[in-house]
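Please look over the protein shown below before reading the notes.

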Amino acid sequence: MLILELTNKECVEMLTRLRFGRLGCSRANQPYVVPFNFAYHERYLYSVAALGQKIEWMRTNPLVCVEADEIVDHLHWTSVVVQGRYEEWPDTPEWSAERELAFALLQRRAMWWEPAFVKETHLGAIEQVIPMYYRIHIDRVTGRRANPDPVEAVALLEPATTSRSKGWLKSLLRRTPPASPNSAASRATASNVPGS
């Protein structure tokens with residue numbers, strides 16, 4: 001497998017395309033990671049949440065981390081990590097323009113308010129919930145992409161057959177030397193036999 005570093009432009013393109021990631025925050029040396037929806041716009045990730053542990057922790061410690069990825073399989077994936085700072089917009093007149101911007105960016109995606117309000121909806125208390133709009137100021141962004149190396153790429157093009165797979169396994173096992181009678185593995189196996 002080849003692991004390639006993404007350029008800053010590639011990281012931004014990925015954040016612009018993606019809408020879902022994991023948000024990490026911490027308080028008193030205890031990390032906390034939750035899934036969240038976001039929208040990228042001009043070096044910020046915009047989101048909304050109900051008041052709860054995540055918001056309380058980010059108010060205490062605004063330094064956060066975000067991970068977002070696209071995974072096809074173990075040989076084809078891309079991941080972006082953002083390190084940044086939490087900025088909250090209270091539901092007050094002076095922050096109305098920022099809250100409207102966040103709403104406009106987020107509502108471009110269907111069901112954008114999930115998972116922030118699902119719990120409250122199921123409890124029947126959605127009318128009491130005030131949405132907490134916030135953004136993550138991106139201080140640093142890095143990313144990596146995995147692609148098959150040349151050998152793996154050829155193997156992916158060839159159809160896998162059971163006989164070839166068995167032949168590969170037999171070849172590998174033939175190269176593994178058997179354990180000698182005095183080896184630790186042999187003694188461990190013998191000690192597990194009843195009556196020994």
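This is a predicted model: local features need pLDDT of at least 70, side-chain atom pairs count only at pLDDT 80 or more; totals for chains, interfaces and linings use all residues.

Residues are numbered from 1 along each chain as its sequence is written, and side-chain values use heavy atoms, with hydrogens and water left out.

**Overall make-up**

- The protein has seven helices and eight strands, where helices (H or I, at least four residues) and strands (E, at least two) are DSSP runs numbered from the N terminus.
- Of its 196 residues, 31% count as buried; here buried means under 20% relative accessible area, exposed over 50%, and partly exposed in between, with a 1.4 Å probe and protein chains only.
- Residues 24 or more positions apart supply 71% of the contacts that have a separation of 6 or more, a contact being heavy atoms within 4.5 Å.

- Strand β5, residues 44-49, is mostly covered, since six of its six residues are buried.
- Y44, Y46 and V48 point one way from β5, whereas L45, S47 and A49 point the other way, and all are buried.
- In a regular strand the side chains alternate between the two faces of the sheet.
- Strand β4 (residues 39-41) runs antiparallel to β5 and is joined to it by three bridges, with Y40 opposite L45; two strands pair if DSSP finds at least two bridges between them.
- The two strands β4 and β5 form a hairpin with two residues between them, and E42 in the turn has a positive phi of about 50 degrees.
- Strand β8 (residues 132-147) also pairs with β5 in the antiparallel sense, over six bridges, and here Y44 stands opposite H137.

- In helix α1 (residues 8-17), C11, M14 and L15 are buried. They cover an arc of only 100 degrees around the axis and therefore lie on the same side of α1, the arc being that of the directions from the helix axis to the C-beta atoms.
- The cover over the buried residues of α1 includes β4, β5, β6, β7 and β8.
- In helix α3 (residues 96-106), the buried residues are R99, A102, L105 and L106. Their arc around the axis is only 125 degrees, which puts them on the same side of α3.
- On the other side of α3, A97 and E100 are exposed, while the buried residues of α3 pack against β4, β5, β7 and β8.

**Individual residues**

- T78 is found in strand β7 (residues 76-89), and it counts as buried because its relative accessibility is 9%.
- Leaving aside residues up to four places away in sequence, T78 touches L6, M14, A68, D69, E70, R144 and R145.
- H74 has its place in the loop between β6 (63-73) and β7, and its relative accessible area of 61% makes it exposed.

**Cysteines**

- C11 is buried at a relative accessible area of 1%, and C25 is buried at 4%.
- With a disulfide taken as a pair of cysteine sulfur atoms within 2.5 Å, the count comes to zero.
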